[in-house]
Amino acid sequence: QVQLVESGGGLVQAGGSLRLSCAASGRTFSSYAMGWFRQAPGKEREFVAAISWTGSNTYYADSVSGRFTISRDIAKNTVYLQMNSLKPEDTAVYYCAAGIAGTSLIRTYEYWGQGTQVTVSS
């Protein structure tokens, strides 16, 4: 199995930036595609971004495209989510996930972290 631990969440003003990290351990990190999801209060968990095994292919939700960047460092067993131009609607618990493919579908991911809170004030 893969264990995932998110970090880097916090409180930031609208227009600000934040970088989330997801540290992986257990099975070989490079064997999995990685994704970021988020869940706001009272809403369903939604897809944010995904990255392939090699890190050469990325995929973003329309709501964050152009503002967020997903990347991974195989040597450090870590995936990142750089969030720029943050908006109040980005407020949510952000979850890191590992799966067989980097898709927008929750069911394609096998392993999940515990989440990190991101709050964007207006």
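How many helices and how many strands does the secondary structure of the chain come to? I looked this up first. I counted 0 helices and 11 strands. I kept in mind that this is a predicted model.

**Entry on the whole chain**

I read along the sequence and wrote down the pattern β-β-β-β-β-β-β-β-β-β-β. The radius of gyration is 13 Å, close to the 14 Å that the globule rule gives for 122 residues, so I noted the chain as being as compact as a globular protein of that length. Taken along the principal axes, the C-alpha atoms fill a box of roughly 40 × 30 × 25 Å.

I then looked up burial and found that 43% of the 122 residues count as buried. For contacts with a separation of 6 or more, I noted that 57% are between residues 24 or more positions apart. The accessible surface comes to about 6,300 Å², and carbon and sulfur atoms hold 47% of that surface. I also looked at charge: there are 10 positive and 8 negative side chains, and the centres of the two sets lie 4 Å apart.

**Entry on Ser 122**

I found Ser 122 in the segment after strand E11, which covers 116-121. Is Ser 122 buried or exposed? Its relative accessible area is 88%, and the cut-off for exposed is over 50%, so I wrote down Ser 122 as exposed. Leaving aside neighbours within four places in sequence, I found Ser 122 in contact with Ala 14 and Pro 88. I also checked Val 12, which is 110 residues from Ser 122 in sequence, while their C-alpha atoms are 9.2 Å apart in space.

**Entry on Asn 77 and Thr 78**

I placed Asn 77 in the loop between strand E7 (68-73) and E8. Asn 77 is partly exposed, at 33% relative accessibility. Most residues other than glycine have a negative phi.

I went on to Thr 78, which lies in strand E8 (residues 78-83). Thr 78 has a relative accessible area of 10% and is buried. Which backbone oxygen lies 2.8 Å from a polar atom of the side chain of Thr 78? I found that it belongs to Lys 76.

**Entry on Ser 85**

I looked up Ser 85 in the loop between E8 and strand E9 (92-99). Phi of Ser 85 is positive, near 50°, and this residue is not a glycine. Ser 85 counts as partly exposed, with 41% relative accessibility.

Conventions:
Residues are numbered from 1 along each chain as its sequence is written. This is a predicted model: local features need pLDDT of at least 70, side-chain atom pairs count only at pLDDT 80 or more; totals for chains, interfaces and linings use all residues. Side-chain values use heavy atoms; hydrogens and water are left out. Helices (H or I, at least four residues) and strands (E, at least two) are DSSP runs, numbered from the N terminus. The radius of gyration is taken over C-alpha atoms; the globule rule is 2.2 Å times the number of residues to the power 0.38. Buried means under 20% relative accessible area, exposed over 50%, partly exposed in between (1.4 Å probe, protein chains only). Contact means heavy atoms within 4.5 Å. Accessible areas come from the Shrake-Rupley method with a 1.4 Å probe; for residues, only the protein chains shown count as cover. Lys and Arg count as positive and Asp and Glu as negative; His and the chain ends are not counted. The place of a charge is taken as NZ of Lys, CZ of Arg, CG of Asp or CD of Glu. A polar contact is a pair of N or O atoms within 3.5 Å; within protein, one must be able to donate a hydrogen and the other to accept it, and residues adjacent in sequence count only if both atoms are side-chain atoms.
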